[in-house]
Amino acid sequence: MPLNKMATAIMNPTTTSPSFRSVSTHHRTSTTRSSYMASQSCRVKSALATVTAAISKREWPLVISTFERFPALASEWINVTIRNHPARLLPLHYACTLRPPLS
């Protein structure tokens with residue numbers, strides 16, 4: 001039985017305490033917030049993979065458009081291999097190793 005129906009069955013809606021309502025609302029809000037954060041995390045990981053691949057392929061217009069859409073990616077660390085050495089860099093630094101055009 002959903003939480004709202006249980007509350008209605010147990011308590012008369014006209015005498016429901018405000019604290020009971022806030023607990024119920026908080027539960028729904030935190031569940032919604034955590035699922036939203038999980039979906040955002042998946043989007044960020046996907047966008048980070050996209051921008052990393054685009055930098056590797058030197059697809060600069062795609063790199064620029066991805067950063068315009070997800071500016072927070074600029075502060076996400078990536079693990080790459082440069083000249084057969086593993087490195088942990090910010091995407092900008094990785095792009096600089098490939099000498100992108102100035103324009």
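Visitor: What share of the contacts in the protein with a separation of 6 or more comes from residues 24 or more positions apart?
Guide: Residues 24 or more positions apart account for 33% of those contacts, where contact means heavy atoms within 4.5 Å. The model is predicted: local features need pLDDT of at least 70, side-chain atom pairs count only at pLDDT 80 or more, and totals for chains, interfaces and linings use all residues. Residues are numbered from 1 along each chain as its sequence is written, and side-chain values use heavy atoms, with hydrogens and water left out.

Visitor: How many helices and strands are in the protein, and in what order do the elements run from the N terminus?
Guide: The protein has 4 helices and 2 strands. Its order is α-α-α-β-β-α. Helices (H or I, at least four residues) and strands (E, at least two) are DSSP runs, numbered from the N terminus.

Visitor: What percentage of the residues of the protein count as buried?
Guide: The figure is 21% of 103 residues. Buried means under 20% relative accessible area, exposed over 50%, and partly exposed in between, using a 1.4 Å probe and protein chains only.

Visitor: What makes N84 buried or exposed?
Guide: The relative accessibility of N84 is 74%, over the 50% mark, so N84 counts as exposed.

Visitor: Which residues touch the most other members of the largest nonpolar core?
Guide: They are V51, I55, W60, V63, V80 and Y94, in a core of 15 residues. The elements giving two or more residues to this core are helix 2 (18-56), helix 3 (60-69), strand 1 (78-82) and helix 4 (91-97). Helix 2 provides the largest share, 5 residues. Such a core is a set of buried Ala, Val, Leu, Ile, Met, Phe, Trp, Tyr and Cys residues joined through side-chain atoms within 4.5 Å. V80, one of the residues named for this core, is in contact with T52, H85, P86, A87, L89 and Y94, leaving aside neighbours within four places in sequence.

Visitor: Which residues is W77 in contact with, leaving aside its neighbours within four places in sequence?
Guide: W77 is in contact with L48, R88, L89 and L90. W77 belongs to the loop between helix 3 and strand 1. Its relative accessibility is 44%, between 20% and 50%, so W77 counts as partly exposed.

Visitor: How far apart in space are R58 and P101, C-alpha to C-alpha?
Guide: R58 and P101 are 9.7 Å apart in space and 43 residues apart in sequence. R58 is found in the loop between helix 2 and helix 3. For A49 and I78, 29 residues apart along the chain, the C-alpha atoms are separated by 8.9 Å; A49 lies in helix 2.

Visitor: How many disulfides does a search of the whole structure find?
Guide: The search finds 0, a disulfide being a pair of cysteine sulfur atoms within 2.5 Å. C42 has 54% relative accessibility, which is over 50%, so C42 counts as exposed. C96 has 46%, which falls between 20% and 50%, so C96 is partly exposed.

Visitor: Which residues lie nearest the centre of the largest pocket?
Guide: W60, V63, L92, A95 and P100 do, out of 13 lining residues. Helix 3 and helix 4 are the elements that give two or more residues to the lining. By class, the lining has 12 nonpolar, 1 polar and no charged residues. Ala, Val, Leu, Ile, Met, Phe, Trp, Tyr, Cys and Pro count as nonpolar, Asp, Glu, Lys and Arg as charged, and the others, Gly among them, as polar.

Visitor: What makes a set of grid points a pocket?
Guide: On a 1 Å grid over the protein atoms alone, a pocket is an open set of points where a 1.4 Å probe fits, with protein on both sides within 12 Å along at least five of seven lines; lining residues have an atom within 4 Å of a point. The largest pocket has a volume of about 260 Å³.

Notes
Points joined across faces, edges and corners; volume = space filled by probe spheres on them.
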